[in-house]
Amino acid sequence: MSNEWALRKFVAPEILFGEGAIDLAGQYAKNLGARRVLLVTDPGVGKAGWVFRVTESLDRVELPYVIFEAVTENPKVAEVRAGARLYDAAGCNVVIAVGGGSPMDCAKAIGIVASHGRDIEEFEGVDRVEYPIPPLICVPTTAGSSADVSQFAIIADTRRLTKMAIVSKAVVPDVALIDPQTLTTLSPFQIACTGMDALTHAIEAYVSTAHSPITDLHAMEAIRLVAANLPGAVAQPLELAFQRPMMLASLEAGLAFSNAILGAVHAMAHSLGGYLDLPHGECNAILLTGVVAFNYVSCPDRYDKIAETMGLSLQGLDADGRSRLLVKKLSELRESIGISSTVGRLGVKKSDIPRLAEFAMMDACMATNPIMMQRRDIEELYEAIL
Ligand SMILES: [Fe+2]
């Protein structure tokens, strides 16, 4: 494990949290000097009415905008290219993303291409973005990805059938307008998947080799909030008493993982999701328990703290018993919100595993996993979820 007192930095955008935050998009764009805005979103968010709320706020301050809506679940290189072309052609100078991780990551990548004039593939990895991107405002509509506060952008590379992790302070948005009302139009399955993504962010950040006392604080609070509220949020999507703490959990998890980075669950989920175009949160939820069981020995105290924060009593148990109890709790949570434990039915085959492991090993998130994984370890973890 890392040294608790190692030199660390903590980066975060300006954050507005609460009902009505979405209506401030226009004013914030104006404050950032916008002349014309590129609004990046997807058709589902438009249908739910949240794009209209943002365009209304732009109209109120008389700011012209163009909408780029062609973003898919795992945003792809071609979508980034098309968005950057529209940004240039329309003469935009500010970007607003409205949606889940997909539109927000796509907006970040569009910003990178717009300010560098080069293909997005050139920026894969850590700290490879040279210049600032255009001012970026994010309005998240899921409680999971936390792309609105993170220094991550994940883009699917359809040529290599994997996902690229772009990690840079340059893609931390200028402003996050976080409005819990936006969660009320999600389906129970979307809430389940994105909530498990938030929980995975918090757990991986807490055990990351790059964690710090500041990220620990946010990670722990996120874990507590998800454990207490995710089942209720899935059962009652319209109930703000569950959606508010879930939105806060996502924010706290985002602040933690953006600065502490992630681990093997995300490295393996990026590889899996990029290969078969699967929902990111679902991949994480399925991979989480196997990785926790594998990682446990590297930092049992930290995993025990996670277990206790989720409400478990570990008294009288040896290390093996404590590890099993945490894994059982995570499995029960996943099952209770309707996510299965395997990916075989999603089309993953045994013959896919060597290439999945190869890409997972190369993912930027693998570097901060608390224990070094060998290729065979990763293959076995994939085999266990077939
Ligand atoms: Fe994630």
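**Exercise 1.** In this predicted model, determine what covers the buried residues of helix 14.

*Solution.* The cover includes helix 9 (264-276), helix 10 and helix 13 (353-362). The residues of helix 14 (residues 375-383) that are buried are Asp377, Ile378, Glu379, Leu381 and Tyr382.

**Exercise 2.** Describe how helix 9 and helix 10 pack.

*Solution.* Two quantities are required, since a packed pair of helices is described by the angle between the axes and the distance between them. For helix 9 and helix 10 the angle is about 135 degrees, and the axes lie 9 Å apart. Angles over 145 degrees would count as roughly antiparallel and 65 to 115 as roughly perpendicular; helix 9 and helix 10 are therefore oblique to each other. Their crossing is right-handed. Helix 9 contributes Ala264, Val265, His266, Met268, Ala269, His270, Leu272 and Gly273 to the contact, while helix 10 contributes His280, Cys283, Asn284, Leu287, Leu288 and Val291.

**Exercise 3.** Identify the donors of the iron ion and classify the site.

*Solution.* The coordinating residues are Asp197 (OD), His201 (NE2), His266 (NE2) and His280 (NE2), at 2.1 to 2.2 Å. The angles among the four donor atoms run from 85 to 170 degrees. A tetrahedral site would need all angles between 85 and 135 degrees, and the site of the iron ion is classed as irregular.

Terms used
Residues are numbered from 1 along each chain as its sequence is written. This is a predicted model: local features need pLDDT of at least 70, side-chain atom pairs count only at pLDDT 80 or more; totals for chains, interfaces and linings use all residues. Side-chain values use heavy atoms; hydrogens and water are left out. Donors are N, O and S atoms within 2.8 Å of the metal (3.2 Å for Na, K and Ca); water is not among the atoms, so sites may look incomplete. Four donors count as tetrahedral if all angles lie between 85 and 135 degrees; four count as square planar and six as octahedral if opposite donors are over 155 degrees apart and all others between 65 and 115; anything else is irregular. Buried means under 20% relative accessible area, exposed over 50%, partly exposed in between (1.4 Å probe, protein chains only). Helices (H or I, at least four residues) and strands (E, at least two) are DSSP runs, numbered from the N terminus. Contact means heavy atoms within 4.5 Å. Axes are lines fitted to C-alpha atoms, for helices over the stretch in contact, and angles run from 0 to 180 degrees between N-to-C directions. Angles under 35 degrees count as roughly parallel, over 145 as roughly antiparallel, 65 to 115 as roughly perpendicular and the rest as oblique. A crossing is left-handed if the near helix is turned anticlockwise from the far one by less than a right angle, and right-handed if clockwise.
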